[in-house]
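Colleague: Could you walk me through the charged pairs and the packing in this one? Keep it short, please.

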Amino acid sequence: MLIKEECLQLIADQRTNEIVITTMGTTVPWGKISTHPLDYASVGSAMGHAADFALGIALAKPDRKVVVLNGDGSMLMCLGTLATITALNTPPPNYLLFVCDNGTYEVTGNQPVPAGNAGFSWSMLARGAGFARVYEFDDSDAFETELPKIWSEVGPIFVSLKIAQAYEPPPDRWGGFPYPYLQESLAESTHKLKQALTR
């Protein structure tokens, strides 16, 4: 079983100028290790839409890799995004989607997600939706070894990370978190990201 914070640190170590979209259980841990101007917290509105928001950015900015740090609960809220990505005439080659799978809606109290049964497989679901490049990890050494190769591949790419249960608080923008991207409104964050992408 993986530890979420360790996985995020490995991802941060790979990162150069990629856009990184976080949501729910990944938002606060990512804010602890990154203050990059291309970090964007998809919280405060439209819960579950980080993956499709990132898809729009990937299509609009094909010269930039877009990395989504999603949770299993958030991904379940917008499963159609997976089919939308692969059904495009030209699926975005700059799109990298991580799903942190701990089997719960972590930030609302770790209630079990409906897909938390033994027969459910994110990898199988991603392949069924048409992703050609699908990875699954539950061992940190294997993830660390394979991540540089995955990072350099042509997308879209789906990565399932089997992480241990954690206890993140709800990552709202008014909760006093000391992370820059949670100290402004959603509108301000979006405007700043747009400005950063036009430089």
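Colleague: How many salt bridges does the structure hold?

Modeller: The model is predicted, and side-chain pairs count only at pLDDT 80 or more. The number of salt bridges in the structure is four.

Colleague: Which residue meets Arg-15 in a salt bridge?

Modeller: Arg-15 sits in the loop between helix 1 (4-14) and strand 1 (19-22), and its partner is in strand 2 (residues 39-41), so the pair ties together parts 24 residues apart in sequence. The N to O distance is 2.8 Å. The partner is Asp-39.

Colleague: Is Arg-15 buried or exposed? And Asp-39, buried or exposed?

Modeller: Buried means under 20% relative accessible area. Arg-15 has 11% relative accessibility, so Arg-15 counts as buried. Asp-39 has 8%, so Asp-39 also counts as buried.

Colleague: How many residues apart are Lys-162 and Asp-101?

Modeller: Their side chains meet in a salt bridge at 2.8 Å, N to O. Both residues are buried. Lys-162 lies in strand 8 (residues 157-162) and Asp-101 in strand 4 (residues 95-101), so the pair links distant parts of the chain. The separation is 61 residues.

Colleague: What separates Glu-146 and Lys-149 along helix 7?

Modeller: These two form a salt bridge, with the closest N and O atoms 3.3 Å apart. Glu-146 is partly exposed at 27%, and Lys-149 is partly exposed at 42%. They are three residues apart in helix 7 (residues 140-152), so the separation is about one helical turn.

Colleague: Which element gives the largest share of the largest nonpolar core?

Modeller: That core has 32 residues, and Ile-11, Phe-98, Phe-143, Val-159 and Leu-161 touch the most other members. Several elements supply at least two residues each, including strand 3 (66-71), strand 7 (133-137) and helix 7. The largest share is five residues, and it comes from helix 1.

Colleague: How many residues are in the second core?

Modeller: This core is separate. Among its members are Val-66, Leu-97, Val-99 and Phe-158. The second core has 26 residues.

Technical notes
Residues numbered from 1 in each chain as written. Predicted model: local features only at pLDDT ≥ 70, side-chain atom pairs only at ≥ 80, totals over all residues. Heavy atoms only, no water. Helix = DSSP H or I, 4+ residues; strand = E, 2+ residues; numbered from the N terminus. Buried < 20%, exposed > 50% of the residue type's maximum accessible area, 1.4 Å probe, protein only. Core = buried A, V, L, I, M, F, W, Y, C linked by side-chain atoms within 4.5 Å.
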